[in-house]
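Me: I would like to go through a protein model with you. Could you show it to me?

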Amino acid sequence: MKRIIWMVLMNLWYVPYGLTRLIRMAAHPERYSEEERFTLIKQIDNRAIRGGRVVIDGHGMENLPEKGGFIMYPNHQGMFDVLAIFQLMTRPMSVVLKKELAEIPFLKQVFACIGAIALDRSDPRQGMKVILQVAEEVEKGKIFLIFPEGTRSKNGNHLLDFKGGSFKSATKAKCPIVPVALLDSYKAFDTGSVARQTVQVHFLEPIPYEEYQGMKTTEIAAMVKARIEAKIAECESQEQQ
């Protein structure tokens with residue numbers, strides 16, 4: 001919470017302007033192009049990160065497909081995850097989020113601008129609609145972010161189990177899967193400090209549909225988790241040397 005307050009304080013002169021534009025675009029997103037909305041959210045994101053004294057150490061951006069839709073699957077450490085990934089994107093992206101976040105002021109407007117889709121985890125029917133909607137939009141060339149753990153890990157860089165259902169949209173869209181390894185993202189908001197922090201984001205090599213075709217979604221989940229865990233272990237080993 002302290003860092004969020006610090007982010008606002010460091011951008012006091014920008015807040016009225018940025019918030020006004022955000023509210024206007026979120027109220028009628030159809031009046032603005034996807035690029036216009038992406039540019040505004042990226043501007044807000046960059047200012048928040050700089051003001052919050054966080055450095056994003058990005059790796060593997062060359063692994064992101066330049067054309068066509070795909071789905072990114074990162075480990076989940078907290079609210080800062082989306083901010084960190086978004087800063088490194090050069091193409092518009094969206095996210096699947098739990099419905100509890102969809103009505104929070106400011107977040108609601110941000111999610112409206114990026115076309116986020118809210119998931120009600122207690123409603124299987126609605127969940128299937130979300131799977132189909134994401135698959136349809138990815139087939140049209142959109143980029144999505146889905147957290148396969150379903151909830152954030154509260155144990156630092158250690159991962160929870162990845163849920164197979166999270167990968168159903170990818171199998172239906174037959175799209176590339178991009179595993180994303182996040183390190184120390186939890187430190188941005190969960191340490192109660194405003195000391196400078198570095199968050200690592202590693203975009204791993206895409207997994208083409210041909211590689212996971214015919215696999216069960218639970219098997220895909222295990223494969224993606226293993227690749228992310230291997231990257232995290234590699235980075236932590238390098239830091240200890």
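Me: What kind of model is it, and how are residues numbered?
Reply: It is a predicted model, in which local features need pLDDT of at least 70, side-chain atom pairs count only at pLDDT 80 or more, and totals for chains, interfaces and linings use all residues. Residues are numbered from 1 along each chain as its sequence is written, and side-chain values use heavy atoms, with hydrogens and water left out.

Me: How many residues does H6 have?
Reply: Helix H6 covers residues 124-139 and has 16 residues. Helices (H or I, at least four residues) and strands (E, at least two) are DSSP runs, numbered from the N terminus.

Me: Which of its residues are buried?
Reply: In H6 they are Gly127, Val130, Ile131, Val134, Ala135, Glu137 and Val138. Buried means under 20% relative accessible area, exposed over 50%, and partly exposed in between (1.4 Å probe, protein chains only).

Me: Where do they lie around the axis?
Reply: The buried residues of H6 fall within an arc of 165° seen down its axis, so they line one face of the helix. The arc is that of the directions from the helix axis to the C-beta atoms.

Me: And which exposed residues are on the face turned away?
Reply: That face of H6 carries Arg125, Lys129 and Glu139.

Me: Now the sheet: what is the strand order?
Reply: The open sheet has 7 strands in the order E1-E7-E6-E2-E5-E3-E4, with mixed pairing. Two strands pair if DSSP finds at least two bridges between them.

Me: Which strands stand at the edges?
Reply: Strands E1 (54-59) and E4 do, each with a single partner strand, so one side of each is left without a neighbour in the sheet.

Me: How do E6 and E7 run?
Reply: Strands E6 (residues 177-183) and E7 (residues 197-203) run antiparallel and are joined by 4 bridges.

Conventions
Expected span 1.5 Å × (residues − 1).
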